[in-house]
Amino acid sequence: LALPLLERALLVQTGPEHVLESAVTWEKIAYLKLCQGEMQDSLDRYHCALDIQNETLGEDHPHVCITLDHIASILAEQEKLDEALQYFQLALDIQEQTLGEDHPETAISMMNMASILHQEGYLNQALQKSEKALQSFKQYLRKDHHYVIDTLLIMASVRYSQDQMEESIELCKEALEIAKRSNGENHVTVAE
């Protein structure tokens, strides 16, 4: 039901006064396509939004990073990890310049990038990015925020891959304790 309405909205969002609105509509369509499992179509729609954003906001605008992250995430899901890394790095570079290295949005990109770096076997870089992200999350978000837990689990996975079992177990324990405190003993994240 939403998709036809959004596609109709694109037809009326013409002219320079509606350019940014059309980019948002492309993003919404891309998200719906992703939810429907149509990854390539979603990716194409995010690229349409990105083209509009680059043209109207400039390639170094923080909002562009959100779209870059979406594209990178889809590419990672498609197991196009090298390409995903390029998009995550581009987003990270822009965020570091415009928002600062310690900003939570920058830390999200670092965390996402750390996960891909780990999958690609770049363990030291993955650990470095995840440690930096964790520092930012702990500084600017609640200590029990799910990004803190996610980042601890990425770090635990990296340590496991490095055969550093004790460190991996300690990081898992820390993540579990935070999850128990914030979500309760019976929450699905605790059971995982």
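**Helix packing and exposure**

Student: Is the crossing of α3 and α4 left-handed or right-handed?
Tutor: In a left-handed crossing the near helix is turned anticlockwise from the far one by less than a right angle, and clockwise in a right-handed one. Helices here are DSSP runs (H or I, at least four residues), numbered from the N terminus. The crossing of α3 with α4 is left-handed.

This is a predicted model, where local features need pLDDT of at least 70 and side-chain atom pairs 80 or more, while totals for chains, interfaces and linings use all residues. Residues count from 1 along each chain as its sequence is written, and side-chain values use heavy atoms, without hydrogens or water.

Student: How do α3 and α4 run, roughly parallel or roughly antiparallel?
Tutor: Residues 39–56 form α3 and residues 62–77 form α4, and they pack at about 160 degrees with axes 10 Å apart. Axes are lines fitted to C-alpha atoms over the stretch in contact, with angles from 0 to 180 degrees between N-to-C directions. Since over 145 degrees counts as such, the pair is roughly antiparallel.

Student: At what angle do α2 and α3 cross?
Tutor: Their crossing is left-handed. The α2 and α3 axes come within 8 Å, and the angle is roughly 165 degrees.

Student: Is K28 exposed, partly exposed or buried?
Tutor: K28 sits in α2, residues 19–35, and its C-alpha is 11 Å from that of C48, 20 residues away in sequence. Buried means under 20% relative accessible area, exposed over 50%, and partly exposed in between (1.4 Å probe, protein chains only). Because its relative accessibility is 46%, K28 is partly exposed.

Student: Which helix holds Y160?
Tutor: Y160 has 53% relative accessibility, so this residue counts as exposed. Residues 146–161, Y160 among them, make up helix α8.

Definitions and conventions:
Helix = DSSP H or I, 4+ residues; strand = E, 2+ residues; numbered from the N terminus. Parallel < 35°, antiparallel > 145°, perpendicular 65-115°, else oblique.
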